[in-house]
Amino acid sequence: MRMPVKICLFCLIMLIFCSVVWALPDYYTLWVPVDSVAESRSPYWPAASSDRYEPYTDLTWDHPLRVAFSSDPHFGRPESNTEATKAIIRSVNEAVPAFHAFFVLGDITEYGFVEAQWQISREVFSLSTKVPIIPLMGNHDDLMNGRSKFLQYLIPNATMEKSRKVLWQRIDLGPVHFIKLNLMWGAEDWGPDVEAWLEAELASIPRDEWVIILSHCFFYSSGSYKYGVPWFDHPETTALIAPILEKYAADLSFAGHNHHMELTTHNGVFYIVTGTFGGVLSEAPFEHHSPTSLWYQKGTHGYTDVTVYPDQAIVVFRDTEGRAIKRFILPQNQAR
Ligand SMILES: [Fe+2]
Ligand SMILES: [Fe+2]
């Protein structure tokens, strides 16, 4: 083949290749291997209160870890109840004994591409003057590349290049290990790199310590059909990821995405739904009651309060003012 023809062919192939790469959706372009040793275990400093965060080192009956969870405030949606969100933050902030951290599990905004909704989130989260807020991203936050704004507004020093290491991350508070999974609609961001990372992290945690899984999308949950798809017992997350959590005897999982409170259990893991941070609540009767469900509550905003002792956790579902709705004492995973 003559040289000019070869050059033309090469240029044509490069042109096609570049067009395909450019056209890939955002999460593929962020598909970089996770270096769990180098970065995922570094201390975590939340945006809202880095100067107040005290790393936790101990866990005894006299010195338990206390953490709060809630999800789905949906700032910017006219029907959202931002006063309920603020009341929950005040309740967590003023609680005695104090909470060590407050995990907010996504759908922080209604539309993640709208700058003003992230400004509201910063403003409202700044009410938490004593308890650091640790945010995860939800499917609404990620709309139209909203993740760049999620990182910009809520994660200090984060960049798009390093976003995967922020979205899939292990946070150690003494012997209680939190693992953030970037599950939004479901397992769309799951892949071989994070599967290997998750297995390695879970395998490295001593059996007598605690593993608490955090994600926006739930695993086991009651619910109904939305847009014709089952919004309950998630077909992807329960098939692809829950078996790994159960294999390594994770203790608790917290998620939102469904806007109610629920405790379920499957193969030794307790799965908790706590999507009641101010978004529109699920009130209609569930079309599907999960066979894994132990308890649920609809129509009430609130949060979940967890105190972790050496071999059991006290889980209290609370309303916006901090009043207890339901309490459970949950043992560490019996498979350990
Ligand atoms: Fe939501
Ligand atoms: Fe969601």
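**Close-up views of a helix pair and a sheet**

**View 1. Helix 5 crosses helix 6 in a right-handed manner.** A crossing is right-handed if the near helix is turned clockwise from the far one by less than a right angle, and left-handed if anticlockwise. Helices here are DSSP runs (H or I, at least four residues), strands are DSSP runs too (E, at least two), and both are numbered from the N terminus. This is a predicted model: local features need pLDDT of at least 70, side-chain atom pairs count only at pLDDT 80 or more, and totals for chains, interfaces and linings use all residues. Residues are numbered from 1 along each chain as its sequence is written, while chains are lettered from A and ligands numbered from 1 in the order in which they are written.

**View 2. Helix 5 (residues 115-125) packs on helix 6 (residues 147-154) at about 30°, their axes 10 Å apart.** Axes are lines fitted to C-alpha atoms, for helices over the stretch in contact, and angles run from 0 to 180 degrees between N-to-C directions. The two helices are therefore roughly parallel to each other (angles under 35 degrees). Glu115, Trp118, Ser121 and Arg122 of helix 5 meet Lys149, Tyr153 and Leu154 of helix 6, where contact means C-beta atoms, placed from the backbone, within 7 Å.

**View 3. Six strands form an open sheet in the order 3-2-1-13-14-15, with mixed pairing.** Strands pair if DSSP finds at least two bridges between them. Strand 3 (133-135) and strand 15 (324-331) are the edges, each pairing on one side only.

**View 4. Strand 13 (residues 302-308) and strand 14 (residues 312-319) run antiparallel, joined by 7 bridges.** Look for Gly302, which stands opposite Asp319 in strand 14.

Terms used:
Angles under 35 degrees count as roughly parallel, over 145 as roughly antiparallel, 65 to 115 as roughly perpendicular and the rest as oblique. Two residues are in contact if their C-beta atoms, placed from the backbone, lie within 7 Å.
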